[in-house]
Amino acid sequence: MARARTSRSAPAPRSRWRRRIVVTLQILIGLGVLALAGLAIAVYVARSQLPSFDELKSSPNGQMIRVHAADGSVIVSMGPSYGEWLPYGRIPRVMRDATVAVEDRRFYQHPGVDPVGILRSVMIRYERGRWIQGGSTITQQLARNVFLNNQKKFGRKFREWILALALERKFSKAQVLELYLNKVYYGGGAYGIDAASRKFFGHGAGDLSLAEAAVIAGLVKAPSNYSPTADAQAAVGRAGVVLDSMVRYGAITQAQADDADPKTLKLAPEPRQNSARYFTDWALPQLDTLIDETEAPLDVWTTLDLGMQRDADAAIRANAPAGAQGALVSLDRDGAVRAMVGGKDYVSSIYNRATQAQRQPGSSFKLFVYLAALEAGHKPEDSVVDEPVTIDGWSPRNDSRRNSGAVTLRTAFAYSLNTIAAKLGQEVGFTTVADMARRFGITTPVNTHPSMVLGTSDVRLIDMTRAFASVAAKGVAVTPYGITRVTANGQEIYRHEVDRSRVLVAPYVAAEMTDLLQTAVNTGTGRAAQIGRPVAGKTGTTTSSKDGWFLGFSSGLTTGVWMGRDDARPIAGLHGGTAPARAFAAFMKPATASRPIEQFETQVTLPEWQLEPDEETYFGQPDAETGGQMVDENGNPIPQPQAEDQQPQQPGDDGTPPPPPAPPGQPAQQQLDDLIERVTGRDAPREAPARDERRDPATARPLPRDGAPANRQPLQRPLQDERPTQ
């Protein structure tokens, strides 16, 4: 009997587990019902808060920005571009079918969210180990584009589901598809199929062919990657995927897909982008720090002078050597950017070499060396000895491979003597020179190796131009700016205020530096930059003629020019005193034509002796220690690649390259040249001069009859500026 009772009570444990499973299922079902109820309530609330169909049609998808030049004219309109709104009935069937086939094949079956699509994307994620295919429906994409953002977070995805379900509760499938096709982004600033059709094919969306519809439908997944203007091959490949999807969807036959050949499509020509886009690309990102408005349409008023911009563009195109790029920045006396050219052609390259490129400045960096020396107490008339010098194993050489003995600082700067710059840097301290560069606005790292005095640290053109503008402003800091004011719906929300409170060096130091700079232009390496009115400036050329610079100022306008190759390969004949200086003059002549002539506070003083042309930045010339190679800033030998397209220069009568032609429009230039000829003895026969009791005013040494200091060796070739490119 006891055994029988035991057998009847054995199923009890199984009954308890069954009850637990039943209770768990009941709880889950209850939770599911509550979740569905909560979802229904959320969808109902969202539906009640959705705008009307007409309101959604008129709502913008982005912020419109109109950029004005200094004269008020509109340079460019930025932001979304809309075409004609096409009602559902006017949208070509091939466009509707192509979009549904490639983006949401079950569009007409699901309620806004597709559980089948979500499950399929999860399975692919499990198989591939990463998200390959999304489960978003057309309705979800519409909700995201209009109401949300593209952050990949579950909270955002959940709100997207709610809005998609609400949209389909409020609008019909035809209305949802109409909104989607007229508002989705297709790349290149084009929103909606009509804007995309006009941008890429030059006609409205009402006339789209099957092949054109396939191209446009394929853009939604990745507008930048599949844009036919950016990558035609990728666009054609993506259009093929769309056509295959349409065949599987049943919208077209395979024969129709074969006949629609996207390769034969002709794209609308791209509108010509002028160089002003370099300026707008630099200025507009600054709005993020200047204002908080992100929705209202903006009018941005800028400093750009369209006339100067055209002249700057023409100057770079006309003077930059073949195969080389060029950049130009021009600042007004308060820092207003009047012109900015970042390259020869914005369409082929949007890279802004005026603000982004970092290149060695060559001898133009000597501005900071001489500023430090002048601040330390030196004067332009001070006498220093041009002699061989070695600093920490580094031995700079002058272009002539000779030394000229005692010279003034003015002469050393005018003819860019490397040995003098090295001695000054050692005297004041290389750290002091680096600090001076940073004080004047150089934002890139500056090394403190001895060779830094010859410009071995990379800099930006806009920073160097800013430094020269601060010298022109008598030592007061000049900060470049491009935006003067911003209005939103007619209300001013920002106005620029110029800060003139920061003094970088004493006014007398800036005046002495200007003295040296104008001498370099009048009789030194920068003579090609003369424009018929007072100009102060400095050339710069780097090793093997990889970079050419000229920076200078006149009549309240400071302009910097850089030329070189993007790959930093040598360019035969490129020197700061040739193409860059000529581009400077070509721009500055018309740019200053309407401005009054302004004399500098210092008088032009001729250097005591025209020593040599400036080929600049010799980081240790070929010698026994380097095996005939140049060395870098650390003293290591560097290989010297051959310059491309080297052409033999036409020699002068004595076998040397001819000097650059005198700038036109300067009747006094020939008189000045004749004076220099007589003073320096270039017009005298090259024979031993007779003794004379006259003395050099700078050195108090006896002068020979031709005016040259007695201890100097006669030059082996006539004197000229930096050799021009033939």
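Helices (H or I, at least four residues) and strands (E, at least two) are DSSP runs, numbered from the N terminus. On that basis, Val 498 is found in the loop between β11 (491–495) and α21. The structure is a predicted model, in which local features need pLDDT of at least 70, side-chain atom pairs count only at pLDDT 80 or more, and totals for chains, interfaces and linings use all residues. Residues are numbered from 1 along each chain as its sequence is written, and side-chain values use heavy atoms, with hydrogens and water left out.

The chain holds 23 helices and 16 strands. Of its 726 residues, 52% are buried, where buried means under 20% relative accessible area, exposed over 50%, and partly exposed in between (1.4 Å probe, protein chains only). Contact means heavy atoms within 4.5 Å. Among the contacts in the chain with a separation of 6 or more, 71% are between residues 24 or more positions apart.

Val 498 itself counts as partly exposed, because its relative accessibility is 35%. Leaving aside residues up to four places away in sequence, Val 498 touches Asp 334 and Tyr 481. Its C-alpha atom is separated by 8.4 Å from that of Thr 479, 19 residues apart along the chain.

The loop that holds Val 498 lies between β11 and α21. Helix α21 (residues 507–522) has 16 residues, which at 1.5 Å a residue should span 22 Å; its end C-alpha atoms are 22 Å apart, so the two values agree. The expected span is 1.5 Å times one less than the number of residues. Helix α21 is mostly covered, with 14 of its 16 residues buried.

Helix α18 (residues 418–428) is also mostly covered: 8 of its 11 residues are buried. These are Asn 418, Thr 419, Ile 420, Ala 421, Ala 422, Leu 424, Gly 425 and Val 428. They pack against α16 (366–375), β8 (383–386), β9 (405–408), α17 (409–414) and α19 (430–439). Just after α18, Gly 429 takes a positive phi of about 105°.

The C-alpha atoms of Ala 376 and Val 428 are separated by 7.1 Å, although the residues are 52 apart along the chain. Ala 376 counts as exposed because its relative accessibility is 57%.

Two helix pairs remain to be described. Helix α16 packs with helix α20 (residues 461–472) at an angle of about 35°, with the axes 11 Å apart. Axes here are lines fitted to C-alpha atoms, for helices over the stretch in contact, and angles run from 0 to 180 degrees between N-to-C directions. In this pair, Leu 367, Phe 368 and Leu 371 of α16 meet Met 464, Ala 467, Phe 468 and Val 471 of α20. The residues of this contact divide into 7 nonpolar, no polar and no charged. Ala, Val, Leu, Ile, Met, Phe, Trp, Tyr, Cys and Pro count as nonpolar, Asp, Glu, Lys and Arg as charged, and the others, Gly among them, as polar.

The axes of helix α4 (residues 93–103) and helix α11 (residues 232–249) come within 8 Å and cross at roughly 90°. Helix α4 is therefore roughly perpendicular to α11, a term for angles of 65 to 115 degrees, with under 35 roughly parallel, over 145 roughly antiparallel and the rest oblique. Val 94, Asp 97, Ala 98, Val 100, Ala 101, Val 102 and Glu 103 of α4 make the contact with Arg 238, Val 242, Ser 245, Met 246 and Tyr 249 of α11. The residues of this contact divide into 8 nonpolar, 1 polar and 3 charged.
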